Amino acid sequence: MIKKEDLKRYANLLMFDMADNEYDTLEKEFKTILKQMDHISEIKDIEKVEPMTFPFLNEDATLREDEVGAYLTVGEVLDNAKEEVDDQVKVPKVVDEDV
């Protein structure tokens, strides 16, 4: 079971913070999700069910073919980057190694 203290530690490692009451809400939501996962795991032969790609069936939906279109060059992308290293955008570290 996930605890409020764990959520606070994870948030700290991700350099993220919330109000104390938001952690209470998140803890309750995780408990609900974990209960739902327990119920799902009890379904007989669940591994034989094909995963859904959409939450609802829509026979009229059609997906377009992927097509290569206009794209940005590496130089154009890096023009907008605050920092770059080896032709890559450098972003701030957001996860601690201890996770």
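User: Where is Glu5 found, and why is Glu5 called exposed?

Analyst: Glu5 is found in helix α1, where helices (H or I, at least four residues) and strands (E, at least two) are DSSP runs, numbered from the N terminus. The relative accessible area of Glu5 is 55%. Buried means under 20%, exposed over 50%, and partly exposed in between (1.4 Å probe, protein chains only); Glu5 therefore counts as exposed. Between Glu5 and Tyr23, 18 residues apart in sequence, the C-alpha to C-alpha distance is 8.9 Å.

User: On what basis are these values given?

Analyst: This is a predicted model, in which local features need pLDDT of at least 70 and side-chain atom pairs count only at pLDDT 80 or more, while totals for chains, interfaces and linings use all residues. Residues are numbered from 1 along each chain as its sequence is written, and side-chain values use heavy atoms, with hydrogens and water left out.

User: Is Lys4 buried or exposed, and how do you know?

Analyst: Lys4, also found in helix α1, has a relative accessibility of 15%, so it counts as buried. Leu7, Ala11 and Leu13 of α1 are buried as well, and the cover over the buried residues of α1 includes α2. Apart from neighbours within four places in sequence, Lys4 is in contact (heavy atoms within 4.5 Å) with Asp20, Tyr23, Asp24 and Glu27.

User: What makes Asp20 and Lys8 a salt bridge?

Analyst: The closest N and O atoms of Asp20 and Lys8 are 2.7 Å apart. A salt bridge is a side-chain nitrogen of Lys or Arg within 4 Å of a carboxyl oxygen of Asp or Glu, so the pair of Asp20 and Lys8 qualifies. Asp20 lies in helix α2 and Lys8 in helix α1, so the pair ties together parts that are 12 residues apart in sequence. Both residues are partly exposed, Asp20 at 41% and Lys8 at 35%. A network of salt bridges links Lys4, Lys8, Asp20 and Asp24.

User: How many salt bridges are found in the whole structure?

Analyst: The search finds 7 salt bridges. Among them is the pair of Asp45 and Lys48, with the closest N and O atoms 3.8 Å apart. Asp45 is partly exposed at 35% relative accessibility, whereas Lys48 is exposed at 63%. Another pair is Lys90 with Glu83, at 4.0 Å; Lys90 is partly exposed at 46%, and Glu83 at 44%.

User: Why is Asp87 called exposed, and which patch includes Asp87?

Analyst: The relative accessible area of Asp87 is 56%, which means that Asp87 is exposed. Its place is the loop between β1 (84-85) and β2 (88-89). Asp87 gathers with Glu76, Asp79, Glu84 and Asp86 in a surface patch of negative charge. Patches are made of residues with over 30% relative accessible area and no salt bridge; like charges are joined within 9 Å, and nonpolar side chains (Val, Leu, Ile, Met, Phe, Trp, Tyr) within 5 Å.

User: Which residues form the nonpolar patch?

Analyst: Leu14, Met15, Phe16, Val94 and Val95 form this surface patch, with about 490 Å² of accessible area together, calculated by the Shrake-Rupley method with a 1.4 Å probe.

Note on methods:
Lys, Arg positive; Asp, Glu negative; His and termini not counted. Charge placed at Lys NZ, Arg CZ, Asp CG, Glu CD.
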